[in-house]
Amino acid sequence: MIVMDLALNNILGFNDFHINFSYPKKVVNSIIENEHLAGRPNFRYKKAVILMGANATGKTSLGKVLLRIFRFISSGNTALLLEMAVPQTAGSFCIDFINNSFVLHRLSAVIDAENDSITLDYAHTEIGEKDTYEKCAKRLVVQSESIGAEAKTLKKIFAEPNFRFAYPEIEQTLKTAGIKKDVLLCTLKAVIGTLDPTLTDVSVSKDLRDSFIIRRKGAEIIIQDGKLLNREMLSSGTAEGVDIAIFLASMLSGPRSFYYCDEHFSYIQTDIEKRIFGIMLDNLKENEQLVFTTHNTDMLDLNLPKHSFAFLRKQVDGDESHVSVMYASDILKRNTDSIRCAVENDVFSSLPDDSLLDMLENGWSDE
(Lines give C-alpha, C1' and ligand atoms only; values in the text may rest on other atoms or scores of the structure.)
Protein backbone atom coordinates (compact mmCIF):
# COMPACT_ATOMS: atom_id res chain seq x y z
CA MET A 1 0.00 0.00 0.00
CA ILE A 2 1.43 3.34 -1.09
CA VAL A 3 -0.44 6.61 -0.58
CA MET A 4 0.26 9.17 -3.30
CA ASP A 5 -2.24 11.92 -2.58
CA LEU A 6 -4.98 12.76 -0.08
CA ALA A 7 -7.55 15.58 -0.07
CA LEU A 8 -9.95 16.13 2.85
CA ASN A 9 -12.82 18.53 3.44
CA ASN A 10 -14.93 18.68 6.62
CA ILE A 11 -13.26 15.49 7.85
CA LEU A 12 -12.02 15.29 11.47
CA GLY A 13 -11.20 18.99 11.56
CA PHE A 14 -9.57 19.10 8.12
CA ASN A 15 -11.08 21.66 5.77
CA ASP A 16 -9.81 22.03 2.23
CA PHE A 17 -6.73 20.02 3.21
CA HIS A 18 -4.33 18.45 0.73
CA ILE A 19 -1.15 16.43 1.17
CA ASN A 20 0.91 14.85 -1.58
CA PHE A 21 3.53 12.09 -1.37
CA SER A 22 5.17 12.30 -4.79
CA TYR A 23 8.38 14.17 -5.59
CA PRO A 24 9.49 15.57 -8.96
CA LYS A 25 12.97 14.27 -9.65
CA LYS A 26 15.42 11.65 -8.48
CA VAL A 27 17.77 12.58 -5.65
CA VAL A 28 21.40 11.62 -6.30
CA ASN A 29 23.12 9.59 -3.55
CA SER A 30 19.99 9.54 -1.39
CA ILE A 31 20.18 7.59 1.86
CA ILE A 32 16.73 6.16 1.05
CA GLU A 33 17.06 3.45 -1.58
CA ASN A 34 14.51 2.59 -4.27
CA GLU A 35 12.27 5.57 -3.58
CA HIS A 36 10.01 4.66 -6.47
CA LEU A 37 7.48 2.00 -7.42
CA ALA A 38 9.41 -1.22 -8.06
CA GLY A 39 9.76 -1.71 -11.81
CA ARG A 40 8.63 1.86 -12.49
CA PRO A 41 11.67 4.11 -11.80
CA ASN A 42 9.90 7.31 -12.91
CA PHE A 43 6.94 6.73 -10.62
CA ARG A 44 8.49 8.34 -7.56
CA TYR A 45 6.94 8.45 -4.11
CA LYS A 46 8.13 9.61 -0.71
CA LYS A 47 9.07 6.37 0.94
CA ALA A 48 9.64 7.89 4.40
CA VAL A 49 8.03 11.09 5.64
CA ILE A 50 8.82 12.81 8.93
CA LEU A 51 5.69 14.79 9.77
CA MET A 52 6.09 17.60 12.27
CA GLY A 53 3.96 20.42 13.64
CA ALA A 54 2.72 22.04 16.82
CA ASN A 55 0.15 20.38 19.09
CA ALA A 56 -3.37 20.11 17.67
CA THR A 57 -2.27 20.56 14.05
CA GLY A 58 -3.66 17.18 13.01
CA LYS A 59 -0.77 14.69 13.01
CA THR A 60 -2.75 12.07 14.92
CA SER A 61 -6.02 12.92 13.17
CA LEU A 62 -4.38 12.39 9.78
CA GLY A 63 -3.42 8.89 10.88
CA LYS A 64 -6.97 8.23 12.07
CA VAL A 65 -8.39 9.31 8.71
CA LEU A 66 -6.05 7.03 6.76
CA LEU A 67 -6.72 4.13 9.12
CA ARG A 68 -10.48 4.49 8.72
CA ILE A 69 -10.23 4.71 4.92
CA PHE A 70 -8.02 1.61 4.79
CA ARG A 71 -10.36 -0.31 7.08
CA PHE A 72 -13.33 0.75 4.98
CA ILE A 73 -11.60 -0.55 1.84
CA SER A 74 -10.98 -3.83 3.69
CA SER A 75 -14.46 -4.25 5.16
CA GLY A 76 -16.98 -2.01 3.42
CA ASN A 77 -18.15 -0.84 6.85
CA THR A 78 -19.64 2.58 6.07
CA ALA A 79 -19.80 3.52 9.77
CA LEU A 80 -16.02 4.03 9.61
CA LEU A 81 -16.55 6.91 7.18
CA LEU A 82 -19.77 8.32 8.61
CA GLU A 83 -18.09 8.88 11.98
CA MET A 84 -15.44 11.11 10.37
CA ALA A 85 -17.75 13.71 8.87
CA VAL A 86 -18.78 16.88 10.65
CA PRO A 87 -22.47 16.66 11.69
CA GLN A 88 -24.92 18.58 9.46
CA THR A 89 -22.16 19.22 6.93
CA ALA A 90 -21.20 17.00 4.02
CA GLY A 91 -17.63 15.77 4.25
CA SER A 92 -15.47 14.43 1.46
CA PHE A 93 -12.15 12.79 0.74
CA CYS A 94 -10.17 11.77 -2.31
CA ILE A 95 -7.24 9.39 -2.08
CA ASP A 96 -4.81 8.17 -4.73
CA PHE A 97 -2.99 4.95 -3.87
CA ILE A 98 -1.28 1.85 -5.22
CA ASN A 99 -2.01 -1.60 -3.85
CA ASN A 100 0.05 -4.61 -4.96
CA SER A 101 0.02 -3.92 -8.71
CA PHE A 102 0.95 -1.44 -11.43
CA VAL A 103 -2.39 0.33 -11.04
CA LEU A 104 -3.04 3.78 -9.61
CA HIS A 105 -6.41 3.88 -7.83
CA ARG A 106 -8.45 6.96 -6.96
CA LEU A 107 -11.29 6.62 -4.47
CA SER A 108 -13.48 9.66 -3.78
CA ALA A 109 -16.31 9.89 -1.28
CA VAL A 110 -18.97 12.39 -0.30
CA ILE A 111 -20.17 11.64 3.22
CA ASP A 112 -23.55 12.87 4.43
CA ALA A 113 -23.50 11.87 8.10
CA GLU A 114 -26.87 13.45 8.82
CA ASN A 115 -28.64 11.16 6.33
CA ASP A 116 -26.26 8.17 6.71
CA SER A 117 -25.42 8.48 3.05
CA ILE A 118 -22.13 7.86 1.23
CA THR A 119 -21.49 8.42 -2.48
CA LEU A 120 -18.37 6.79 -3.89
CA ASP A 121 -16.56 7.48 -7.15
CA TYR A 122 -13.71 5.37 -8.44
CA ALA A 123 -11.11 5.67 -11.18
CA HIS A 124 -7.98 3.73 -12.04
CA THR A 125 -5.21 3.68 -14.61
CA GLU A 126 -2.39 1.34 -15.52
CA ILE A 127 1.10 2.61 -14.63
CA GLY A 128 3.32 2.32 -17.69
CA GLU A 129 7.05 1.66 -17.55
CA LYS A 130 7.91 5.33 -18.12
CA ASP A 131 4.95 6.89 -16.32
CA THR A 132 5.26 9.39 -13.52
CA TYR A 133 2.59 9.86 -10.88
CA GLU A 134 1.68 13.22 -12.39
CA LYS A 135 1.01 11.67 -15.83
CA CYS A 136 -1.17 8.95 -14.32
CA ALA A 137 -3.07 11.43 -12.15
CA LYS A 138 -4.05 13.46 -15.22
CA ARG A 139 -5.54 10.34 -16.82
CA LEU A 140 -7.68 9.69 -13.75
CA VAL A 141 -9.58 12.97 -14.08
CA VAL A 142 -11.75 11.78 -17.00
CA GLN A 143 -12.30 8.19 -15.84
CA SER A 144 -14.32 8.54 -12.64
CA GLU A 145 -17.47 6.41 -12.21
CA SER A 146 -19.87 5.85 -9.32
CA ILE A 147 -19.62 2.60 -7.39
CA GLY A 148 -21.51 1.05 -4.50
CA ALA A 149 -20.20 1.10 -0.94
CA GLU A 150 -20.91 -2.58 -0.26
CA ALA A 151 -18.05 -4.80 0.90
CA LYS A 152 -18.50 -7.21 -2.02
CA THR A 153 -18.20 -4.31 -4.48
CA LEU A 154 -14.99 -3.04 -2.90
CA LYS A 155 -13.44 -6.52 -2.75
CA LYS A 156 -13.96 -6.93 -6.48
CA ILE A 157 -11.96 -3.75 -7.06
CA PHE A 158 -9.30 -3.69 -4.36
CA ALA A 159 -6.95 -6.31 -2.98
CA GLU A 160 -6.75 -6.46 0.81
CA PRO A 161 -4.54 -3.51 1.86
CA ASN A 162 -1.62 -4.15 4.19
CA PHE A 163 -0.99 -1.51 6.87
CA ARG A 164 0.16 -0.94 10.43
CA PHE A 165 -0.72 2.05 12.59
CA ALA A 166 0.57 2.91 16.04
CA TYR A 167 -0.37 5.81 18.26
CA PRO A 168 -1.03 5.92 22.02
CA GLU A 169 -4.83 5.90 21.70
CA ILE A 170 -4.96 2.56 19.88
CA GLU A 171 -2.72 0.42 22.06
CA GLN A 172 -5.46 -2.20 22.19
CA THR A 173 -5.23 -2.67 18.42
CA LEU A 174 -1.51 -3.48 18.35
CA LYS A 175 -2.18 -7.11 17.52
CA THR A 176 0.71 -9.49 17.01
CA ALA A 177 -0.97 -11.58 14.30
CA GLY A 178 1.34 -11.91 11.33
CA ILE A 179 4.45 -11.02 13.35
CA LYS A 180 7.05 -13.77 13.62
CA LYS A 181 7.44 -14.82 17.26
CA ASP A 182 11.21 -15.02 17.15
CA VAL A 183 11.41 -11.56 15.57
CA LEU A 184 9.07 -10.06 18.18
CA LEU A 185 10.98 -11.71 21.03
CA CYS A 186 14.30 -10.37 19.75
CA THR A 187 12.83 -6.90 19.20
CA LEU A 188 11.24 -6.77 22.66
CA LYS A 189 14.53 -7.77 24.28
CA ALA A 190 16.47 -5.15 22.33
CA VAL A 191 14.09 -2.21 22.74
CA ILE A 192 12.93 -2.81 26.32
CA GLY A 193 16.41 -3.79 27.46
CA THR A 194 17.80 -0.56 26.01
CA LEU A 195 15.20 1.55 27.81
CA ASP A 196 15.50 -0.33 31.11
CA PRO A 197 18.58 -2.58 31.59
CA THR A 198 16.78 -4.48 34.37
CA LEU A 199 14.31 -5.88 31.81
CA THR A 200 16.45 -8.14 29.66
CA ASP A 201 14.65 -11.35 30.73
CA VAL A 202 11.90 -11.62 28.13
CA SER A 203 10.47 -14.98 27.05
CA VAL A 204 7.52 -16.56 25.28
CA SER A 205 4.83 -17.66 27.74
CA LYS A 206 4.32 -21.41 27.94
CA ASP A 207 0.86 -21.10 29.49
CA LEU A 208 -0.77 -18.11 27.78
CA ARG A 209 -1.50 -17.98 24.08
CA ASP A 210 0.25 -15.25 22.02
CA SER A 211 1.89 -13.90 25.16
CA PHE A 212 5.32 -12.81 26.33
CA ILE A 213 6.60 -12.53 29.88
CA ILE A 214 8.97 -9.81 31.10
CA ARG A 215 10.57 -10.73 34.43
CA ARG A 216 12.10 -8.42 36.99
CA LYS A 217 13.10 -9.61 40.48
CA GLY A 218 10.37 -12.22 40.66
CA ALA A 219 7.65 -9.96 39.22
CA GLU A 220 6.08 -10.84 35.87
CA ILE A 221 4.89 -8.30 33.33
CA ILE A 222 2.64 -9.82 30.67
CA ILE A 223 2.19 -8.84 27.04
CA GLN A 224 -0.82 -10.70 25.64
CA ASP A 225 -1.85 -10.40 21.99
CA GLY A 226 0.07 -7.16 21.71
CA LYS A 227 -1.35 -5.48 24.82
CA LEU A 228 0.61 -4.71 27.97
CA LEU A 229 -1.67 -6.02 30.73
CA ASN A 230 0.04 -4.50 33.78
CA ARG A 231 1.31 -1.27 32.27
CA GLU A 232 1.53 0.42 35.68
CA MET A 233 4.55 -1.70 36.57
CA LEU A 234 6.70 0.05 33.97
CA SER A 235 7.85 3.62 33.48
CA SER A 236 6.08 5.63 30.78
CA GLY A 237 9.08 5.36 28.47
CA THR A 238 9.45 1.60 28.87
CA ALA A 239 5.72 1.02 28.41
CA GLU A 240 5.89 3.10 25.26
CA GLY A 241 8.85 0.95 24.23
CA VAL A 242 6.64 -2.15 24.21
CA ASP A 243 4.39 -0.55 21.60
CA ILE A 244 7.43 0.56 19.61
CA ALA A 245 8.90 -2.94 19.70
CA ILE A 246 5.67 -4.47 18.39
CA PHE A 247 5.49 -1.89 15.60
CA LEU A 248 9.15 -2.44 14.69
CA ALA A 249 8.75 -6.22 14.77
CA SER A 250 5.86 -5.88 12.33
CA MET A 251 8.15 -4.01 9.94
CA LEU A 252 10.88 -6.62 10.33
CA SER A 253 8.42 -9.48 9.74
CA GLY A 254 6.63 -7.89 6.76
CA PRO A 255 4.92 -7.45 4.50
CA ARG A 256 2.70 -4.67 5.87
CA SER A 257 3.39 -2.12 3.15
CA PHE A 258 2.09 1.08 4.81
CA TYR A 259 3.19 2.22 8.28
CA TYR A 260 2.07 5.18 10.38
CA CYS A 261 3.97 5.72 13.63
CA ASP A 262 2.54 8.63 15.59
CA GLU A 263 4.44 10.30 18.46
CA HIS A 264 5.47 7.07 20.15
CA PHE A 265 8.70 8.50 21.53
CA SER A 266 7.41 11.22 23.88
CA TYR A 267 9.10 9.65 26.93
CA ILE A 268 12.19 8.33 25.16
CA GLN A 269 15.61 9.96 24.70
CA THR A 270 16.12 11.60 21.34
CA ASP A 271 19.21 9.55 20.45
CA ILE A 272 17.19 6.35 20.92
CA GLU A 273 14.35 7.72 18.78
CA LYS A 274 16.78 8.59 15.98
CA ARG A 275 18.42 5.17 16.12
CA ILE A 276 15.14 3.23 16.09
CA PHE A 277 13.88 5.39 13.23
CA GLY A 278 17.09 4.48 11.38
CA ILE A 279 16.33 0.79 11.90
CA MET A 280 12.81 1.34 10.56
CA LEU A 281 14.24 3.13 7.53
CA ASP A 282 16.78 0.37 6.87
CA ASN A 283 14.01 -2.22 6.88
CA LEU A 284 11.56 -0.46 4.57
CA LYS A 285 11.11 -2.81 1.64
CA GLU A 286 10.14 -2.21 -1.97
CA ASN A 287 6.71 -0.59 -2.37
CA GLU A 288 6.46 0.23 1.34
CA GLN A 289 5.93 3.60 2.98
CA LEU A 290 6.46 5.06 6.46
CA VAL A 291 4.90 8.19 7.96
CA PHE A 292 6.61 9.10 11.24
CA THR A 293 5.27 11.96 13.35
CA THR A 294 7.36 13.61 16.04
CA HIS A 295 8.03 16.79 18.02
CA ASN A 296 11.73 15.97 18.31
CA THR A 297 13.68 18.67 16.47
CA ASP A 298 16.83 16.51 16.63
CA MET A 299 15.22 14.46 13.84
CA LEU A 300 15.86 17.45 11.59
CA ASP A 301 19.58 16.63 11.67
CA LEU A 302 19.08 13.26 9.95
CA ASN A 303 20.71 12.94 6.55
CA LEU A 304 17.46 12.55 4.63
CA PRO A 305 16.26 14.14 1.38
CA LYS A 306 14.47 17.44 2.03
CA HIS A 307 11.30 16.05 0.51
CA SER A 308 11.13 13.65 3.46
CA PHE A 309 10.19 16.48 5.84
CA ALA A 310 6.66 17.90 5.98
CA PHE A 311 5.18 20.37 8.44
CA LEU A 312 1.56 20.80 9.47
CA ARG A 313 0.39 24.23 10.53
CA LYS A 314 -2.95 25.50 11.82
CA GLN A 315 -4.19 29.01 11.13
CA VAL A 316 -7.10 30.36 13.17
CA ASP A 317 -9.44 33.05 11.89
CA GLY A 318 -12.20 33.77 14.39
CA ASP A 319 -14.15 30.57 14.92
CA GLU A 320 -12.63 28.94 11.84
CA SER A 321 -9.37 27.00 11.68
CA HIS A 322 -7.48 25.71 8.68
CA VAL A 323 -4.76 23.05 8.63
CA SER A 324 -2.29 23.01 5.77
CA VAL A 325 1.00 21.31 5.01
CA MET A 326 4.34 22.73 3.89
CA TYR A 327 7.18 20.67 2.43
CA ALA A 328 10.80 21.48 3.18
CA SER A 329 11.76 20.75 -0.43
CA ASP A 330 9.42 23.50 -1.70
CA ILE A 331 11.21 26.16 0.34
CA LEU A 332 14.81 24.97 0.71
CA LYS A 333 16.28 24.49 -2.75
CA ARG A 334 20.04 24.41 -2.07
CA ASN A 335 21.92 21.43 -0.67
CA THR A 336 23.45 23.70 1.95
CA ASP A 337 20.08 24.93 3.27
CA SER A 338 19.52 23.81 6.85
CA ILE A 339 16.11 22.40 7.76
CA ARG A 340 16.82 22.93 11.47
CA CYS A 341 17.62 26.62 10.94
CA ALA A 342 14.49 27.01 8.85
CA VAL A 343 12.34 25.45 11.58
CA GLU A 344 13.97 27.50 14.34
CA ASN A 345 13.21 30.64 12.32
CA ASP A 346 9.64 29.38 11.75
CA VAL A 347 9.98 29.41 7.97
CA PHE A 348 7.27 26.73 7.77
CA SER A 349 4.95 28.49 10.27
CA SER A 350 4.93 25.25 12.25
CA LEU A 351 5.95 26.55 15.68
CA PRO A 352 3.27 27.17 18.33
CA ASP A 353 2.13 30.72 19.03
CA ASP A 354 3.21 31.22 22.63
CA SER A 355 2.25 34.90 22.88
CA LEU A 356 -0.46 34.09 25.44
CA LEU A 357 2.29 33.09 27.87
CA ASP A 358 3.61 36.64 27.83
CA MET A 359 1.12 37.77 30.46
CA LEU A 360 2.42 35.10 32.85
CA GLU A 361 6.01 36.21 32.34
CA ASN A 362 5.07 39.85 32.71
CA GLY A 363 3.10 39.32 35.88
CA TRP A 364 -0.39 37.85 35.96
CA SER A 365 -3.39 40.02 36.75
CA ASP A 366 -7.12 39.29 36.63
CA GLU A 367 -7.95 42.91 35.82
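1. Is F163 buried or exposed? F163 is buried, because its relative accessibility is 17% and buried means under 20% relative accessible area, exposed over 50%, partly exposed in between (1.4 Å probe, protein chains only).

2. Some ground rules. This is a predicted model, where local features need pLDDT of at least 70, side-chain atom pairs count only at pLDDT 80 or more, and totals for chains, interfaces and linings use all residues. Residues are numbered from 1 along each chain as its sequence is written, and side-chain values use heavy atoms, without hydrogens and water.

3. F163 pairs with F165 edge-to-face, at 6.0 Å between centres and 70° between planes. (Rings of Phe, Tyr and Trp, its six-membered ring, pair if their centres lie within 6.5 Å; planes under 30 degrees apart count as stacked, over 60 as edge-to-face and the rest as tilted.) F165 is buried too, at 5%.

4. Y122 sits in strand β8, F158 in the loop between α4 (151-157) and β10 (163-166), 36 residues apart. (Helices, H or I, at least four residues, and strands, E, at least two, are DSSP runs numbered from the N terminus.) Y122 is buried at 6%. F158 is buried at 6%.

5. Now the sheet. Six strands form an open, antiparallel sheet in the order β2-β1-β6-β7-β8-β9. (Strands pair if DSSP finds at least two bridges between them.) The edge strands are β2 (17-20) and β9 (145-147). β1 (residues 2-9) pairs with β2 over 4 bridges; L6 has I19 as its bridge partner in β2.
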